Amino acid sequence: MTGQSNVFEHYIDGEWTTGDGDATFASEEPATGETLAEFHRGTESDVDRALAAASEAEDEWRDLSYIDRAEYLWDIYHELRERTDELGEIVTMECGKEISEGRADVIEAYHMVEWAAGNARHPHGDVIPSEIGSKDAYMRRKPRGVVGCITPWNFPVAIPFWHMAVSLVEGNTVVWKPAEQTPWCGQIIAEMFEDAGIPDGVFNMVQGFGDAGNAIVEDDRVDTVLFTGSAEVGHTITEKVGAQAGKLTACEMGGKNAMIVTEEADIDLAVSTTIMASYKTTGQRCVSPERLIVHEDVYDEFKERYVELAESVAVGDPLKEDTFMGPVIEGEHVEKIRAHNELAREEGANVLVDRFELDDEEIPDGHEDGAATAANPERSGSYADGHWVGPFVYEVDYDEDLRCIREECFGPHVALIEYSGDVERAVEIHNNVDYGLAGAIISEDYRQINYYRDNAEVGLAYGNLPCIGAEVHLPFGGVKKSGNGYPSGREVIEAVTERTAWTLNNSKDIELAQGLSSDIHTDD
């Protein structure tokens, strides 16, 4: 729903509202730089109103059964399925990933809704044996209250439902701030909740920037904060929430992910899995590998074949089915990738593939490249500038102090690192970073695979697969600087519910555990 001048609004307490601020912002198409839509920018007072509505709706929503709460989600599930192709195109237009990934984003969303709504009919809590035969002991769950959700742009439909679907079915109310780069996807999700008839105040959306997100994090009415995004922002959220007694946060952040290719690897499999993992979403997945750790016995063959493919992966219009890589999200991110590429050069890397500045013929018609257009004004056509980069691949002698193999780029920036010795050395290199989100090993030796499984310091580990493509019902999160929780799947239940140990005495007498006496002695 739009307000005046066709500017989209916030959704608060069952109503569309322009909010208290006068500022607006645009959603831009990364492939062209063109404006897709305008949105009202949320303020702290808008967040305050949304949290007041969520708090007010809390008791009535909690009193509904799991089954009744899930019914609203089932309506959204069916709409997501019916509109997959349409919404997949919108995802692709707004965040730039190629069309099969746009559709997969929507499919992942309805898979998550299906899991959360279906789980409403599954057992909740546990029956626990008591030491005392006359007692019944249980572990029961209850909703925490108001959940604040802050989600990223690279999965603008899927990740919001990671956070919100389970939170709502478990009986919480929600205040959500979508990523400022993908507000159009946020708008459509809010319309779905309105269409489903969810009670006023149970679901609230405030569009905006970091100040709106910070207002959610700092407010005492928020019982849990779910966050997916950068490590820098996530660590700030963790520190702030940690200072608020009784408040919880589950943060899934970035990584400097790696894939290991051992001397026992199937090289065909190794090349295809690493290319896929490196360049899907143009390297802008939190699980994208930026380090490939390859045994010396297979290094030369792997390098030759990997480089050949990296030089030819199809960069193009993300709405076309034959495109493998689309644009990156925004001009600022182009410059971040440029800086990481230059850092690798400064630290002595041997550059194997440099497609950062794409050739004229590689950029789709009408999608002129921002950096190239600025340098060559005659290239500028009727379309605004797109944000185009290609793969950057380099090899470097391993040195744990090199920043280029320690700091996350979040783009198509990949280092090849040759190692000698056994799998223990490969895993040592793999683990020697501050992050611990995702990784994989490619090997036909089950002992190597099992060693990696048991010793890799990651939350998401794969064998003979790319380190992307997690399934919604599995935990999704990392260790070390990559996260402190799992804001998706089954594990998010821990963040959005409280556990109560409930014990009932079925006897007229009192018998206590550990042999504790129940006698009451008096002076008489």
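Arg144 counts as buried, at 10% relative accessibility, where buried means under 20% relative accessible area, exposed over 50% and partly exposed in between (1.4 Å probe, protein chains only). The model is predicted, so local features need pLDDT of at least 70 and side-chain atom pairs count only at pLDDT 80 or more, while totals for chains, interfaces and linings use all residues. Residues are numbered from 1 along each chain as its sequence is written, and side-chain values use heavy atoms, with hydrogens and water left out.

The side chain of Arg144 meets that of Glu498 in a salt bridge, at 2.8 Å from N to O; the term denotes a side-chain nitrogen of Lys or Arg within 4 Å of a carboxyl oxygen of Asp or Glu. Because Arg144 lies in the loop between β7 (135-143) and β8 (146-150) and Glu498 in strand β22 (residues 497-505), this pair ties together parts that are 354 residues apart in sequence. Helices (H or I, at least four residues) and strands (E, at least two) are DSSP runs, numbered from the N terminus. Glu498 is partly exposed, with a relative accessible area of 32%.

The structure holds 30 salt bridges. Among them is the pair of Arg305 and Glu301, whose closest N and O atoms are 3.5 Å apart. These two residues are 4 residues apart in helix α10 and therefore separated by about one helical turn. Arg305 is partly exposed at 28%, and Glu301 is partly exposed at 41%. In helix α13 (residues 423-431), Glu428 and Arg425 are 3 residues apart, again about one helical turn, and form a salt bridge with closest N and O atoms 3.1 Å apart. Glu428 is partly exposed at 48% relative accessibility, as is Arg425 at 31%.

β13 and β19 run parallel and are joined by 4 bridges, with Ile442 in β19 as the bridge partner of Val261. On β20 (residues 460-463), which runs parallel to β19 and is joined to it by 4 bridges, Leu460 is the bridge partner of Ala438. Strand β19 (residues 438-442) is largely enclosed by the rest of the structure, because 5 of its 5 residues are buried. Ala438, Ala440 and Ile442 point one way from β19, and Gly439 and Ile441 the other way.

A further 3 strands form an open sheet of mixed pairing, in the order β1-β5-β4. β1 (7-8) and β4 (24-28) stand at the edges with a single partner strand each, so one side of each is left without a neighbour in the sheet. β4 and β5 (residues 35-40) run antiparallel and are joined by 5 bridges, and Ala26 has Glu38 in β5 as its bridge partner.

Conventions. Pairing = 2+ DSSP bridges.
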